[in-house]
Amino acid sequence: MAVSTVNHKSEYLLVTQLRKYWLPALFLAPAAFFLAAFIAVPMIQAILLGFQRWNGIEPATWIGLRNYENLLQDKVFWKSMGNVVYYTVATTVFQTTIPLLIANILNSGLRGSTAFRFLYFLPVIISLTITGLLWRMIYEPNFGVLNELLRSLGLRDWTQLWLADRNLVIPCIIAVSIWQSLGFFMMIFFAAMQGIPQDLYESASIDGANVWHRFRFITVPMLRSTMTVVIVLNTIGGIRAFDQIWVMTTGGPNHASETLGTYLYRTAFGALGSSNPHLGYATAIAIVILIFSLIFSIIQIRVGQVNEVEL
Amino acid sequence: MTATDQYRIIQSIRQLVTYAFLILLSIVMAFPLLWMVMTSVKEQREVFTSFLPRQLDFSNYERVWHAMDLPNHLGNSLYVAGINVAIVLITATLAGYAFARFQFPGRDWIFYVFLAAMMIPGQAILIPMFQYLKSLDLLNTHVGLALSMTGGAISFATFLMRAFFRTLPFELGDAGKIDGCTEWGVFWYVYLPLARPGIATVLIFQFMGVWNEFMFSTTFLISPKLKTIQPALYQVIGRYSVDYTALSAGLLLAILPILIVFLLLQKQFIKGLTAGAFKG
């Protein structure tokens with residue numbers, strides 16, 4: 001009798017132990033496999049490759065920190081860095097404030113708000129490649145519709161080379177980015193605004209608060225964490241910017257719109273087939289991008305949104 | 001004039017100004033898209049003369065359809081997206097369920113490792129991935145491209161599915177077990193059917209991500225015939241540099257599949273995308 005209880009008990013224990021470890025393990029295994037094979041392995045290789053010189057054909061040689069030392073003296077790298085800072089700061093400022101203001105207007109119980117939201121959201125679903133190509137046609141100096149429009153309005157003096165002008169190229173790209181992302185950030189703000197209790201606004205109105213006061217002293221403080229998320233998202237997006245810029249200018253003219261992403265790509269895959277690929281050096285640039293975006297990703301997770309997502 | 005009249009007038013002026021602003025903004029937002037639609041149905045020599053086409057000319061669509069071999073590239077995109085989305089959905093649903101429903105030692109740590117994967121930018125692994133696919137003989141194949149885009153995507157999709165499963169009541173599983181379900185049965189018969197909206201959101205989000213992806217697609221597929229739609233369009237702009245009518249038609253045809261999904265499932269679509277805001 002006693003023996004059988006013990007057996008029973010240990011059997012039970014065994015089953016619960018199995019449940020505890022094996023069941024989750026079985027459920028996690030497929031995802032873990034793909035994460036290991038297609039993120040972890042290449043990531044480790046990237047870190048190692050940053051310390052090597054390699055043209056992709058001959059065997060790689062270890063050169064320690066040489067790639068990173070060379071980066072520090074590379075004018076194009078610093079130019080790209082400067083452009084990334086310029087682009088990131090500008091897009092972050094505009095792509096936070098403008099969507100916030102527009103979401104606020106659309107949240108004021110206006111008729112037709114749904115239609116406006118739908119329209120502003122449309123560019124979001126289109127790929128960065130397609131919008132890049134579309135705007136490249138629009139900005140084209142000789143045949144582009146933008147200069148055409150200016151000419152037909154009698155503003156011939158205002159026509160520009162746009163993407164071919166080294167001072168205008170980044171502002172032009174920023175404008176496209178604002179146009180493309182407006183609907184996305186507007187929706188995030190709009191969704192958050194729906195969560196602000198209505199009686200806050202009502203009691204403020206009774207106290208004589210006008211539209212600006214309500215925005216400044218209720219909406220903005222209530223949206224603080226949403227704003228942080230939007231700012232961080234914009235910052236990460238700016239640091240990683242590649243698709244749209246590559247499609248519109250490939251970093252040109254003469255590096256005027258070069259970002260870390262385009263410079264990395266050019267170094268690795270020789271856009272014009274002009275030089276040998278420097279895979280180690282390009283990977284060092286990739287590691288710089290990784291470090292900067294990790295810093296902001298960690299800030300984002302620290303803001304504490306991770307557990308608040310609801311579908 | 002009474003005070004209320006004055007108030008009403010101020011109110012309506014304010015409303016008028018607001019609407020004027022929103023409509024102006026709508027014009028700016030819609031103009032590039034409208035221009036693309038208009039250009040795609042114009043005759044070539046009409047492009048620079050007027051905004052509206054004199055008559056609808058759909059021959060551009062036919063021209064770009066054949067000259068660019070669009071069906072081939074659209075098919076390639078669909079194939080890559082199909083493989084990738086299937087892998088991501090299956091693995092992430094299982095993993096998300098495990099994180100939400102099971103208690104096991106080290107759960108939170110493992111979850112953070114999963115999260116960390118989505119903070120890695122594509123650029124960081126672009127070059128090693130190229131070499132890696134080459135060594136696996138998967139470079140310049142659709143399967144290779146589909147696999148290269150699984151890593152970060154699974155991480156994010158797991159995160160979403162976990163969040164979704166956590167909204168479902170625990171009692172359901174216990175009830176299922178009392179009724180004699182195995183753990184697998186609880187997952188398969190009880191929770192999975194309830195998770196459909198979450199799965200739909202992840203599906204849409206992931207499909208759009210793969211359909212619109214450019215950097216990996218343009219790097220890992222080398223043969224022109226194998227190219228997916230985004231790099232194919234990019235390649236073609238050199239050849240059609242001033243044939244704006246054909247190019248516009250091509251861009252529109254590439255947007256169409258996403259646009260249809262968006263129009264049909266707008267709510268899920270926006271949910272999926274804005275949930276993406278909380279991704280690292």
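## Domains of chain B

In this predicted model, chain B is divided by the domain assignment into domain 1 (3-58) and domain 2 (62-278). The contact between these two parts involves 11 residues from domain 1 of chain B and 10 residues from domain 2 of chain B. Taken over C-alpha atoms, the centres of domain 1 and domain 2 of chain B are separated by 35 Å.

## The interface between the two domains

The size of an interface is often expressed as the accessible area lost when the parts come together. For domain 1 and domain 2 of chain B, the buried area is about 780 Å², with 73% of it on carbon and sulfur atoms. On the side of domain 1 of chain B, the residues that lose the most area to domain 2 are Met36(B), Ser40(B) and Gln44(B), which together account for 55% of what that side buries. Zero salt bridges are found across this interface of chain B.

Thr249(A) belongs to helix 11 (residues 243-249) of chain A. Its relative accessible area is 12%, so Thr249(A) is buried. Leaving aside residues up to four places away in sequence, Thr249(A) touches Leu163(A), Val169(A), Ile173(A) and Ser257(A).

Pro171(A) is located in helix 7 (residues 169-193) of chain A. Because its relative accessibility is 30%, Pro171(A) counts as partly exposed. Between Pro171(A) and Gly270(A) there are 99 residues in sequence and 26 Å in space, C-alpha to C-alpha.

## A nonpolar patch on chain A

Val85(A), Val89(A), Val93(A) and Phe94(A) make a nonpolar surface patch of about 340 Å². One of these residues, Val85(A), lies in helix 3 (residues 75-106) of chain A.

Technical notes. Residues numbered from 1 in each chain as written. Chains lettered and ligands numbered in written order. Predicted model: local features only at pLDDT ≥ 70, side-chain atom pairs only at ≥ 80, totals over all residues. Heavy atoms only, no water. Helix = DSSP H or I, 4+ residues; strand = E, 2+ residues; numbered from the N terminus. Buried < 20%, exposed > 50% of the residue type's maximum accessible area, 1.4 Å probe, protein only. Contact = heavy atoms within 4.5 Å. Patch = residues over 30% accessible without salt bridge, like charges linked within 9 Å, V, L, I, M, F, W, Y side chains within 5 Å. Areas by Shrake-Rupley, 256 points an atom, 1.4 Å probe, with all protein chains shown as cover. Salt bridge = Lys/Arg side-chain N within 4 Å of Asp/Glu carboxyl O. Domains from an automatic or database assignment. Buried area = accessible area lost by both parts, 1.4 Å probe.
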